[in-house]
Amino acid sequence: MTSTLLKEKVLEENRRVHALENQLYLSRHPEQTNFFQNYIVEKTLDQICLDLDRDAKILDLGCGTGYLFLRFLRRGFDVTGLDLSAEMVEVLKKSVAENEKNRAHLSVGDVEAFIEESQEEFDLVVFSAVLHHLFDYQAVLKKSCEKLKSGTKILIFFEPLKQQVTSSLRYALHRSLSWLDEKSYHLEMGIRNIPLLEDEYHHSDYQRQFGGIAPAEVEKILKDENFSIVKVDKYCARRYGINAWLANRILATQNTFNILAIKN
Ligand SMILES: C[S@@+](CC[C@H](N)C(=O)[O-])C[C@H]1O[C@@H](n2cnc3c(N)ncnc32)[C@H](O)[C@@H]1O
């Protein structure tokens, strides 16, 4: 398959899978909402927002059903969201309160095309759990960086961390906890009658077949594009907060990363 065809296939699969995710997206992904992850999200956003002017403009690329979009909106900012999936955007639209609508701008489309065409300037650009869905995330990130003005921040959030196994014992414990986490998750979803889509993610989560995304590679792109790295967080996300707590506080394992950078 040529790379153009493969790229189209990845886009098509993302449209198909996220149409199925739809309003059950966050119910199917408790790893994004449990108490441990919630603490990380709120702390990260509080720190970023402290340095943003009240009239700052935020762009959330691959905004989905509004995981970060809605939190920025509720903090009073003007937020533009873009997502490939009309169904995900539709769910997000319904979550925007009447008095927030004038600050919420939503559209449907491919992130790469949006970056190429958009003439707007933003103060913060967010990629939350979206880079691993892209056929060529390096090219997209590079193009985004090129278009941003000096002082603009980029937040890369909740991406699957590509890493080497350094200790086999720790890896075995990491896998055992992951097994327990997944078993409990399947049981809960069964009880709550929430159908899982696990066999559907093969092409949509394109970068997972390469083991995720290496933060060092992301940092290199950012630095080459004249960004300074403000913060890199690596940690372990789990479906359940208690398992995430155990993984981070006892096993000290990692499977997820966040990066904040600013253009010089
Ligand atoms: C895992 S979800 C994350 C959603 C949200 N950012 C969050 O953190 O919950 C990935 C989102 O990226 C969107 N997406 C995938 N490929 C995309 C592309 N090429 N352009 C724009 N959005 C895309 C999907 O439709 C989906 O809503």
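1. The chain contains eleven helices and seven strands, where helices (H or I, at least four residues) and strands (E, at least two) are DSSP runs numbered from the N terminus. The model is predicted: local features need pLDDT of at least 70, side-chain atom pairs count only at pLDDT 80 or more, and totals for chains, interfaces and linings use all residues. Residues are numbered from 1 along each chain as its sequence is written.

2. With a radius of gyration of 18 Å, close to the 18 Å from the globule rule for 264 residues, the chain is as compact as a globular protein of that length. The radius is taken over C-alpha atoms, and the rule is 2.2 Å times the number of residues to the power 0.38. The C-alpha trace spans about 50 × 45 × 40 Å along its principal axes.

3. Of the 264 residues in the chain, 33% are buried (20 or more other C-beta atoms within 10 Å of the residue's own, with C-beta atoms placed from the backbone).

4. Helix H7 (residues 137–147) packs against helix H10 (residues 215–224) at an angle of about 30°, their axes lying 9 Å apart. Axes are lines fitted to C-alpha atoms over the stretch in contact, and angles run from 0 to 180 degrees between N-to-C directions. H7 is therefore roughly parallel to H10, a term for angles under 35 degrees.

5. In this contact, Gln 138, Leu 141, Lys 142 and Cys 145 of H7 meet Val 218, Ile 221 and Leu 222 of H10; contact requires C-beta atoms, placed from the backbone, within 7 Å.

Technical notes:
Angles under 35 degrees count as roughly parallel, over 145 as roughly antiparallel, 65 to 115 as roughly perpendicular and the rest as oblique. Two residues are in contact if their C-beta atoms, placed from the backbone, lie within 7 Å. A residue is buried if 20 or more other C-beta atoms lie within 10 Å of its own, exposed if 12 or fewer, and partly exposed in between; C-beta atoms are placed from the backbone.
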